[in-house]
Amino acid sequence: MKKIKLKVITPERLVLEEMVDQVSLPTTMGEITILPDHIPLIANLASGDIVAVSAGEHVPMAVAGGFIEVKKDENGITTVAVLADFAEHVSELSEEAIEKAKARAAELQKKMENKEDVDFEHFAAELERSLNRVRVADKWRTRKYRK
Amino acid sequence: MTGTNEIKRRIKSVGNIRKITKAMQMVAAAKMKRAVASALSSRLYAEYSWDILSSISRNVENIEHPLFVERETKRVLLVVITSNRGLCGAYNTQVSKQAVRFLESIRRKFPSAEFEILTAGKKGERLFRRMSEKIAASFLNLPDNVSLRDILPISRLIAEEYEKGTYDRAIVAYTDFVSSLVQRPLIKQIAPISKRELKEFLRTIGEEKNKIELQNGNGDQEEKGRPFAPKIDYLFEGEQNALIGSLAEKLLRMQIYQMFLESRASEQSARMLAMKNATEAAGEMIEDFSLVFNKARQAGITREISEISAGMVSVNNLQG
């Protein structure tokens, strides 16, 4: 069966590089699922979770911002490159990290209310990232997934 | 005994210098570790994003975004990334030399074009001011461990001025970190993004002065692969030009950021090496001086003994 090569890259590290069967991604226009032999595509990434399916198992990751490129490499393998501003495996989102993210979100929210900061954009991005972590972690808390 | 005192003083002063260079070496080593780690970790992202950009510029026709449109070269912006402080070996000299050489050859190619320099770092600023080049902007207060936010003003300035048409080309001279022993000064065009044009453009200049090292990424592979590489017909989700625009700006920023990271990693490695050499040289100097000092001391003692024994002989002779 054909597979796709999925790469999730952030400025900090390579989060994942793996052959998978399919992958669902949150784009700014809605969620899309990429299967093998998908046509070349470029899209903006929204915040949410990327779910790769490999051997019937779900591999979820929390992402926020960035974009994706789908194309075939020289060997004819469909390659999905996710260049995310931020990405983490759901298994890395421990309870403790989530609590921290929640606290940080609350703190940021307060800060944003307090003043019209020049750094509004930065705060907004960070807030969105923190909230997204909490959302994704909550969603996957009760489900089964591959670590 | 006056000779030995002089030497003693020199040994002491060289010893003090060695202490300082040793300390600076340690500091540079610690900073290097961090700088190298951050440069390496974002390298993959930067390389990938550059690939995507050039792939878009190759495969998508009639892109309206100015970053992809080649214009007649009338005004060129040269960005030179150097350090604020010296004592880092040939680091600044190398990148400055490369930039100056590049400037000369591009002047010859476009005699009517105007050139402006954007410097990041005191050393580059000083050099180009001395050469009385026109300095468009000078960024001095960048920390040692640069973050993306520190780069924002620079990338915004470049992108905005380029889009407005103040400049038709933006080129960066920076230092690529190869290893802690090897750093390569490089010239890279960041705007417009048009790889094929760029390569030819750089090649003609490279022929004039083949010493200029040019960044062509994985150009060789691509050269071979191109005849077979099918045209990729990208589908864009949403409005194509808006998407490409936001993409290009983001990736441009990332490129500039990566160049700074590479330069910083190179700077710290160069400094560490320079300080290590200085420390070793000081050690050798102390050894040499100690040898001279011991010889002088021994000579003094011998002289005194011979004086005393000569005195004794003459006294004995008198008595005899």
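The model is predicted, so local features need pLDDT of at least 70 and side-chain atom pairs count only at pLDDT 80 or more, while totals for chains, interfaces and linings use all residues. Residues are numbered from 1 along each chain as its sequence is written, and chains are lettered from A and ligands numbered from 1 in the order in which they are written.

Chain A has 2 helices and 8 strands. Here helices (H or I, at least four residues) and strands (E, at least two) are DSSP runs, numbered from the N terminus. Read from the N terminus on, the order in chain A is β-β-β-β-β-β-β-β-α-α. The radius of gyration of chain A is 16 Å, close to the 15 Å that the globule rule gives for 147 residues, so chain A is as compact as a globular protein of that length. This radius is taken over C-alpha atoms, and the globule rule is 2.2 Å times the number of residues to the power 0.38. Along the principal axes, the C-alpha atoms of chain A fill a box of roughly 55 × 35 × 25 Å.

Strands of a sheet pair through backbone hydrogen bonds, either parallel or antiparallel. Two strands pair if DSSP finds at least two bridges between them. In chain A, strand β3 (residues 22–27) and strand β4 (residues 30–34) run antiparallel and are joined by 5 bridges. V23(A) has I34(A) in β4(A) as its bridge partner. A hairpin of 2 residues connects β3(A) to β4(A).

Chain B contains an open sheet of 5 strands with mixed pairing, in the order β3-β2-β1-β4-β5. At the edges stand β3 (135–139) and β5 (183–191) of chain B, each with a single partner strand, so one side of each is left without a neighbour in the sheet. Direction ignored, neighbouring strands of this sheet are turned by 20° against each other on average. Strand β2 (residues 114–120) of chain B runs parallel to β3(B), with 4 bridges between them. One bridge pairs I117(B) with I135(B) in β3(B).

Two packed helices are described by the angle between their axes and the distance between the axes. Axes are lines fitted to C-alpha atoms, for helices over the stretch in contact, and angles run from 0 to 180 degrees between N-to-C directions. Helix α4 (residues 148–164) and helix α7 (residues 240–319) of chain B pack at about 120°, with their axes 9 Å apart. α4(B) and α7(B) are therefore oblique to each other; angles under 35 degrees count as roughly parallel, over 145 as roughly antiparallel, 65 to 115 as roughly perpendicular and the rest as oblique. Among the residues that meet are L148(B) and I151(B) from α4(B), and L252(B) and F260(B) from α7(B). Two residues are in contact if their C-beta atoms, placed from the backbone, lie within 7 Å.

The last topic is the contact between the chains. Chain B gives 18 residues to this contact and chain A gives 21 residues. On the side of chain B, the elements that give two or more residues are α1 (2–59), β6 (235–236) and α7. The largest share of that side, 7 residues, comes from α1(B). Strand β5 (residues 41–44) of chain A pairs with β6(B) in the parallel sense over 2 bridges. There, L41(A) stands opposite L235(B).
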